[in-house]
Each structure stands twice: as C-alpha cells, then as structure tokens.
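Thanks for coming. I will keep this short and go through one structure on the screen.

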Amino acid sequence: MKKSALSLLTLAFSVLMLQNVNAQDAKSQLELTRSALQTMKQDVVSQVMGLTDDQSTKFWPLYKEYQVAKAGLNDKSIKLIEDYAKVYESITDDQAKTMLQEYQAIQKQQLSLENKYIKKFEKELPGKLVAKYFQTKHKLDAIMRYDLAGSLPLVK
C-alpha cells in the first residue's frame with residue numbers, strides 16, 4: 001500500500017513538471033506533493049526502524065536535520081527536471097551536455113551529504129540501525145527514481 005501511494009505521488013509530481021501550468025500553481029502543487037511525500041517517507045521509516053524510545057530521541061532530530069540539508073539538493077534536481085521539460089523536444093548537444101554535468105554534480109553533492117550524515121548517525125546509533133535507515137532511504141529513493149524515469153522522455 002505504501003509503495004503504490006508513494007509511486008502515485010511521485011508520478012503526480014513528475015507529470016506536474018511536464019505540464020504547462022502557471023508558476024504559482026506549479027509551486028503550490030509542488031509544495032503539497034513534497035509535503036505529502038515527506039510525510040509518507042517518514043511514516044515508512046518509522047514503521048521499518050522499530051526504534052526504542054531512547055533511539056527515537058536520537059534518531060528523529062538527525063533525520064529531520066538531514067531532510068533539511070537535502071532540501072537544497074532536491075530543489076536543484078527539481079530545477080534541472082523543469083529545465084529539461086522545457087527543452088527536451090529541441091534540446092541542443094550543448095544543453096544536453098550541460099544538463100548531464102549538472103546532474104552528475106548534484107549526485108556527487110548528494111553522496112557527500114549522505115556520507116556526512118552517516119557519520120553523524122553512527123555517533124548516536126548502533127551500526128545496524130544506521131545501515132537499516134540508509135537501506136530504507138535507498139529503497140524509497142529507488143522507487144521515486146523509477147517512477148520519475150518512466151515519466152521523463154528520453155532526449156530526442
């Protein structure tokens with residue numbers, strides 16, 4: 001149930017990015033979608049982790065801090081998708097090359113941020129719980145990437 005609801009929200013987000021809607025409506029829809037996705041992800045993480053009260057006290061503040069830190073990178077990814085959606089039918093070689101470089105830069109920044117937070121989580125929680133959280137995060141990310149990939153057209 002969670003996977004299908006998350007998939008539907010991700011698909012709604014990606015369709016929104018490819019539609020021609022005015023900027024204010026798109027921004028409002030994006031914020032609603034983002035909020036719903038975050039709530040669903042947090043619910044899934046909560047169910048999967050099975051934290052004790054002591055572990056929860058340490059985990060959730062770090063989780064929220066990590067989400068805030070990721071927000072800027074998520075915004076960069078969204079902007080890149082929006083830019084691509086505007087030009088994909090007539091994209092030039094130079095635009096494609098630049099967008100690919102931007103995508104790779106964002107991926108590197110995301111990995112660097114993840115490594116930073118793995119260390120922070122490891123200072124507070126047992127290694128198995130840290131691994132479990134990042135496994136869960138990666139699975140949720142994979143679902144969203146899969147849905148997004150299915151809705152973004154290939155370069156022509």
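I will talk about a pair of helices, then a pocket, then a cavity, and end on one residue.

Before any of that, please keep in mind that this is a predicted model.

Let me start with the helices. Two packed helices are described by the angle between their axes and the distance between the axes. Here the pair is α3, residues 53–87, and α4, residues 93–124. Their axes come within 11 Å, and they cross at roughly 175 degrees. An angle over 145 degrees counts as roughly antiparallel, so α3 is roughly antiparallel to α4. As for what kinds of residue make up the contact between α3 and α4, there are 15 nonpolar, nine charged and five polar residues.

Next, the empty space. Rolling a probe the size of a water molecule over the atoms shows where empty space is left. The largest pocket holds about 1600 Å³. It is lined by 44 residues, and those closest to its centre are Ser-77, Ile-81, Gln-110, Arg-145 and Leu-148. Which elements give two or more residues to this lining? They are α1 (2–18), α2 (23–49), α3, α4 and α5 (127–151). The helix that gives the most is α3, with 13 residues. By class, the lining of the largest pocket has 26 nonpolar residues, 10 polar and eight charged.

Now the cavity. How many cavities of 30 Å³ or more are there? The count is one. The largest cavity has a volume of about 50 Å³. Its lining consists of Lys-41, Val-45, Tyr-63, Gln-67, Lys-70, Tyr-133, Lys-137, Leu-140 and Asp-141. Two or more of the lining residues come from each of α2, α3 and α5. In this case α5 gives the most, with four residues. Sorted by class, the cavity lining has four charged residues, four nonpolar and one polar.

Is Asp-141 buried or exposed? Its relative accessibility is 13%, and buried means under 20%, so Asp-141 counts as buried. The side chain of Asp-141 also makes a polar contact with the side chain of Lys-137, at 2.5 Å. Both Asp-141 and Lys-137 are among the residues that line the largest cavity.

That is what I had on this one.

Note on methods
Residues are numbered from 1 along each chain as its sequence is written. This is a predicted model: local features need pLDDT of at least 70, side-chain atom pairs count only at pLDDT 80 or more; totals for chains, interfaces and linings use all residues. Side-chain values use heavy atoms; hydrogens and water are left out. Axes are lines fitted to C-alpha atoms, for helices over the stretch in contact, and angles run from 0 to 180 degrees between N-to-C directions. Angles under 35 degrees count as roughly parallel, over 145 as roughly antiparallel, 65 to 115 as roughly perpendicular and the rest as oblique. Ala, Val, Leu, Ile, Met, Phe, Trp, Tyr, Cys and Pro count as nonpolar, Asp, Glu, Lys and Arg as charged, and the others, Gly among them, as polar. On a 1 Å grid over the protein atoms alone, a cavity is a set of points where a 1.4 Å probe fits but cannot get out, and a pocket is an open set with protein on both sides within 12 Å along at least five of seven lines; lining residues have an atom within 4 Å of a point. Grid points are joined across faces, edges and corners, and a volume is the space filled by probe spheres set on the points. Buried means under 20% relative accessible area, exposed over 50%, partly exposed in between (1.4 Å probe, protein chains only). A polar contact is a pair of N or O atoms within 3.5 Å; within protein, one must be able to donate a hydrogen and the other to accept it, and residues adjacent in sequence count only if both atoms are side-chain atoms.
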